[in-house]
Amino acid sequence: MNTQTPHGENAPDLSAFWMPFTANRQFKANPRLLVSAKGMYYRSADGTEVLDGCAGLWCVNAGHGREEIAQAVGRQLETLDFAPTFQMGHPLVFDFAAKLAKIAPAGMDRIFFTNSGSESVDTALKIAFAYHRARGEGQRTRVIGREKGYHGVGFGGITVGGLVNNRRVFPLLPGADHMRHTHDLARNAFAKGQPDHGAELADELDRILNLHGPETVAAVIVEPVSGSAGVLPPPKGYLEKLRATCDAYGILLIFDEVITGFGRLGAPFASQFFGITPDLMTTAKGITNGSVPMGAVFAKRAIHDTFMSGPEPLIELFHGYTYSGHPVACAAGLATLEIYEREGLLTRAASLAPKFEALLHGLREAPNVIDVRNIGLMGAVELQPRPGAAGARGYEVLVKALQKGLLVRATGDILAFSPPLIVSEAELEKLFGILSEVLKTID
Ligand SMILES: Cc1ncc(COP(=O)(O)O)c(C=O)c1O
């Protein structure tokens, strides 16, 4: 049923939709509805033009309302709306995988499709277990994540994830352990790019392996840059150490690139940006510019080929989703890749990063700011929490910024920025100009 509300004529009844990761009652008392989008801007239900400071939810890398994607999706729906990929196929899924393989980190050219980041993570963990088992090392049943890690909301993802609220009320997979996080304001506050301190935190992995026995560990999973925890670039030397330790013990290293994939740092993937190749890589979000749900796990060819050694009539991996490689998602993804390539968006963040960094760090003296950090076109401003009211300041910034025409992502008292990769320098100035004004009004 439609009702009249101050947020637009004929606004929908808000009661039936149980909103994800949202304070439902708080939201529904004061809803924030977006009704259309084009380029760098949303339009809200009250007609306000809203600059998108976070690419929707870290996903709309080529900006909103891209006609080529809409047309490709429309054509695909009319040509072949659905085809199974279990024991059947359709041309687009092979074509899309081949094109993704071309931009993938060296050797990671075997691709398993999913529908989300969470599914990509659970798929990667399952591939890791099955890989070791196929090699006669089925005792490798442990996975190691990191505190403050976010790997989606499947049971695998929350087991290796390290955001406490996402884990505490759910049963988890057995045998997991976590390295310490790298959030270190005492030593690294206001660092630009990779912080100087903290490489030794990768030694945690040795300690954990000594405790459990390295031969019991299947995989280590980290976000190369923690995103949801509030943009934590890896300390210099940290990822290198993780890579070396995993190599020494035959453990697979998984990079969760659901946020960093598809150009966010200025290279197609963070692994290319940092020059460190994992064994498995999870992606989603930017793979279709956020237009149609899709995810993909990239595997090293050698891992894939390990599965291809048994009798040919046997299914090699008992895993997949009805919509793995959905034709409409593939059409959206192919059109997205064309835009990324034609407009140079997979590397554009590299040229914008210095301006982004300068503007972001210009907020250093704003009230209540206790840290500013950035890498590529990802950045965060951390505010001092109000005593006894953690998250209140961050939420107030979100609400006030929206009123002034800016969408920011607030997790607790950390504000995160990841504008679409089409952003102009003038739009970056506008973004941080609005933010600076808003921060002055928050006590
Ligand atoms: C690093 C990382 N992994 C996994 C996910 C989960 O992705 P999805 O929400 O598509 O399941 C996210 C989502 O933000 C993420 O940032």
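Helix 5 (residues 117-134) gives the most to the shell around the ligand, with three residues. Helices here are DSSP runs of H or I with at least four residues, strands are runs of E with at least two, and both are numbered from the N terminus. Before going on, keep in mind that this is a predicted model, where local features need pLDDT of at least 70, side-chain atom pairs count only at pLDDT 80 or more, and totals for chains, interfaces and linings use all residues. Residues are numbered from 1 along each chain as its sequence is written.

Which residues come nearest to the ligand? Of the 14 around it, they are Ser116, Gly117, Ser118, Gly152 and Val258; a residue is near if its C-beta atom, placed from the backbone, lies within 6 Å of the molecule. The shell divides into five nonpolar, seven polar and two charged residues. Ala, Val, Leu, Ile, Met, Phe, Trp, Tyr, Cys and Pro count as nonpolar, Asp, Glu, Lys and Arg as charged, and the others, Gly among them, as polar.

Now let's step back to the domains. The assignment, which is automatic or from a database, gives domain 1 (32-62 + 347-440) and domain 2 (70-342). Their C-alpha centres lie 26 Å apart. In domain 1, 31 residues are in contact with 27 residues of domain 2, where contact puts C-beta atoms, placed from the backbone, within 7 Å. On the side of domain 1 that touches domain 2, helix 14 supplies the largest share, seven residues. By class, that side has 16 nonpolar, nine polar and six charged residues.

Next, look at helix 13 (residues 327-342). Just after helix 13, Gly344 takes a positive phi of about 65 degrees.

Finally, find the open sheet, whose four strands run in the order 3-4-5-15 with mixed pairing. Strand 3 (34-38) and strand 15 (406-407) stand at the edges with a single partner strand each, so one side of each has no neighbour in the sheet. Two strands pair if DSSP finds at least two bridges between them. Strand 4 (residues 41-44) and strand 5 (residues 49-52) pair in the antiparallel sense over three bridges, and Tyr41 stands opposite Leu51 in strand 5.

Methods: Two residues are in contact if their C-beta atoms, placed from the backbone, lie within 7 Å.
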